[in-house]
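The sequence and the model follow.

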Amino acid sequence: MRGSAVGIVVVVALSVGFGAGFGLRPVLAPTTSVAAVAGGAQPTEQEATEAVRRHKLFTGTSLANATLKLGDCSPGGVGPGVTCLTQLTMDPTRPNAAPQNRPIGFARVNGQWEVAVW
């Protein structure tokens with residue numbers, strides 16, 4: 001009986017701890033407002049394309065020939081800046097190059113837009 005009493009105390013303590021943690025956690029406000037994104041705090045299609053062309057993949061591969069169509073942008077949820085829906089063609093010179101629809105994060109660094117989240 002003693003082992004089950006200890007188990008019950010542990011379960012109750014964990015339940016109270018988790019409940020208090022969720023109930024008392026601070027509510028974090030987003031650092032970038034949607035109005036700021038709508039007001040021009042996002043890259044143009046040309047700036048986004050240039051940022052993607054400067055970006056190097058983890059393999060060291062450059063995307064110097066990439067083409068990009070920029071879609072809707074919203075405040076960055078994963079990193080700084082904004083996350084934009086894009087249609088990316090990594091190398092349009094290849095005969096089987098198919099466009100990829102994917103979100104890409106962009107952040108302004110030293111006055112120019114860079115890829116923040118690939």
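## The cysteine pair

C73 is buried, and C84 is buried as well, where buried stands for under 20% relative accessible area, exposed for over 50% and partly exposed for values in between, with a 1.4 Å probe and protein chains only. These two residues form a disulfide with their sulfur atoms 2.0 Å apart, a disulfide being a pair of cysteine sulfur atoms within 2.5 Å. By this rule the count comes to one disulfide. Because C73 lies in strand β1 and C84 in strand β2, the pair ties together parts that are eleven residues apart in sequence. The link of C73 and C84 is right-handed, with 105° about the S-S bond.

## Basis of the model

The model is predicted, so that local features need pLDDT of at least 70 and side-chain atom pairs count only at pLDDT 80 or more, while totals for chains, interfaces and linings use all residues. Residues are numbered from 1 along each chain as its sequence is written, and side-chain values use heavy atoms, with hydrogens and water left out.

## Elements and sheet

The protein chain has three helices and four strands, which run α-α-α-β-β-β-β from the N terminus on; helices (H or I, at least four residues) and strands (E, at least two) are DSSP runs, numbered from the N terminus.

The open sheet of four strands has the order β1-β2-β3-β4 with antiparallel pairing, two strands being paired if DSSP finds at least two bridges between them. Its edge strands are β1 and β4, each of which pairs on one side only. From one strand to the next the twist averages 40°, with axes fitted as lines to C-alpha atoms, for helices over the stretch in contact, and angles running from 0 to 180 degrees between N-to-C directions. The antiparallel strands β3 and β4 are joined by five bridges, and G105 stands opposite V117 in β4.

## The nonpolar core

The largest nonpolar core has 16 residues, and those with the most contacts inside it are V52, L68, L70, I104 and F106. At least two residues of this core come from each of α3 (45–54), β1 (67–75), β2 (82–89), β3 (100–109) and β4 (112–117). Such a core is a set of buried Ala, Val, Leu, Ile, Met, Phe, Trp, Tyr and Cys residues joined through side-chain atoms within 4.5 Å.

Leaving aside neighbours within four places in sequence, I104 is in contact (heavy atoms within 4.5 Å) with residues including V52, L68, C84, L88, V115 and W118.

## Chain totals

Of the 118 residues of the protein chain, 21% count as buried.
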